[in-house]
Amino acid sequence: MLARPAIRQEAVSTSALEGTYAALDDVLEADFLKRNQLTASVAEVHNYVEAAELAFEWIKERPITVGALEQLQKILVRGTRGDSPEAGRVRTTQVFIGADGGRVTDARFVPSPPGDQLRAGVDAWASWLTAEDTFPLVIKMALGHYQFETLHPFNDGNGRLGRLVCVLQLAYHGELRVPVLNLSPWLEGRRRQYQDHLLSVSATGDFEPWVRFFSEAVRAQAVRGVEKIDALHDWRDEALTLLLGADVRGVAVRIVEDLLGYPLITATPTAERYGVSYQAANTAIRRLVQLGILEERTGRRYGRVFAARRVLNIINAA
C-alpha cells in the first residue's frame, strides 16, 4: 500500500533532478486521467511511475539486465523529446552533458563514445552489478551508480534509470521488500553536490567522497522513510478513531484504511475497488468530507477528485 505514493514521490523528485517538474497531487491524479488529458510534464513523470512499477515486479523474478533496462528506458522517454528511433536500445550516437544547445567543447562531461566498447562496458557493468562479491551493498550501489552515469548508455533517461537501479539492487538482494526508499528527494536538495561528486570521481579517481555522500543519502532517506511510515500509521489510527466516534462504518472505513496508498480518490474507481454501487461510494466519500478527512480539490461538479490532505502533507514533507 505504501509503495504506491512512494514511487510517485520518487518520480516527482527524480524527474525534477533532470529539469522536469510536476506536483505530486497531479501525478497521483494522472491515474484517473487519459494520457491526452495530462500536461507534457505530468505525462513524462508518470512514465517513470510505469517503468518503476514494472521494474519492481520484474526484480522479484530476475536480475538486472541490459535488456530489461532497455525496455524501461523506452517507457521513460515515451512521448518526450527523447523518444527517438534509438529509444529502448544502447545508444549509437555520441552524447555529452552540458547546457541545452551548447557545444561539445563546452560540455561538463563527455561519456563513452558509441560502439562495441560502450556495449561491452554496459554488459560488464550489468554482470558486475549482480555478481557475488565482498562489497557492502550500499558501497556497491554507489560504485554502480557512478559507473552507469559515466557510461551514459542511453540517449536520454540515464539519470532517472540509474537512480532506479540503486533501489532495484536493494530489492534484488532482499534488503528492501517494498520500494519505499526514495533517494531522489535528498539528492534533489543537493543537486550541485550530487553532480560535482560524480564528476570529481572521473577527474581525480578518488571514490571515497562520493561513496560517503551516497551512503549518507541512503542512511538519511531510510531514517526519513521510517518516520513517514510511522506518521502515516498514526494518522490512520487517528482517522479510524474519529470514524468510530462518529459511528461511521462500512465502505467509509475501508476507504480510510487505504488512503495511505490512495490519498487521491474519485467515486467511480472507489466503487469498483470495494465492490459497491456508485451511490454507496459517493455517500461514503461525502461523509469523509464532512468529517474533514477528505477535501474536494477540483471545484468541479463532475469528475471530482478528493484528497486526504494530511496524508499528502506527510508524504510531501522533506
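**Helix H5 and the annotated sites**

Leaving aside neighbours within four places in sequence, Gly162 is in contact (heavy atoms within 4.5 Å) with His145, Phe148 and Glu149. The model is predicted, so local features need pLDDT of at least 70 and side-chain atom pairs count only at pLDDT 80 or more, while totals for chains, interfaces and linings use all residues. Residues are numbered from 1 along each chain as its sequence is written, and side-chain values use heavy atoms, with hydrogens and water left out.

Gly162 lies in helix H7; helices are DSSP runs of H or I with at least four residues, numbered from the N terminus. With a relative accessible area of 2%, Gly162 is buried (buried means under 20% relative accessible area, exposed over 50%, partly exposed in between, with a 1.4 Å probe and protein chains only). UniProt, in an unreviewed entry, lists Gly162 under "binding site", together with Asp156, Gly157, Asn158, Gly159, Arg160, Leu161 and Arg163. Such annotations may be inferred rather than shown by experiment. Asp156 is found in the loop between H6 and H7 and is partly exposed, at 23% relative accessible area. Beyond four places in sequence, Asp156 touches Gln73, Val77, Thr80 and Gly82.

The loop between H6 and H7 also holds His152, which the unreviewed UniProt entry annotates as "active site". His152 is buried, with a relative accessible area of 14%. Residues up to four places away in sequence not being counted, the contacts of His152 are Arg91, Val95, Ile97, Pro111 and Asn158.

Helix H5 comprises the 15 residues 116-130; at 1.5 Å a residue it should span 21 Å, and its end C-alpha atoms are 22 Å apart, which agrees. The expected span is 1.5 Å times one less than the number of residues. Buried positions in H5 are Leu118, Val122, Trp125, Ala126, Leu129 and Thr130. They cover an arc of only 115° around the axis, which places them on the same side of H5; the arc is taken from the directions from the helix axis to the C-beta atoms. Asp116 and Gln117, on the other side of H5, are exposed. The buried residues of H5 pack against helices H4 (66-76), H6 (137-151) and H7 (158-172).

H4 and H5 pack at an angle of about 105°, with their axes 10 Å apart. H4 is therefore roughly perpendicular to H5 (65 to 115 degrees). In this packing, Val66, Leu69 and Glu70 of H4 meet Arg119, Val122, Asp123, Trp125 and Ala126 of H5.

How values were computed:
Helix = DSSP H or I, 4+ residues; strand = E, 2+ residues; numbered from the N terminus. Axes fitted to C-alpha atoms, helices over the stretch in contact; angles between N-to-C directions. Parallel < 35°, antiparallel > 145°, perpendicular 65-115°, else oblique.
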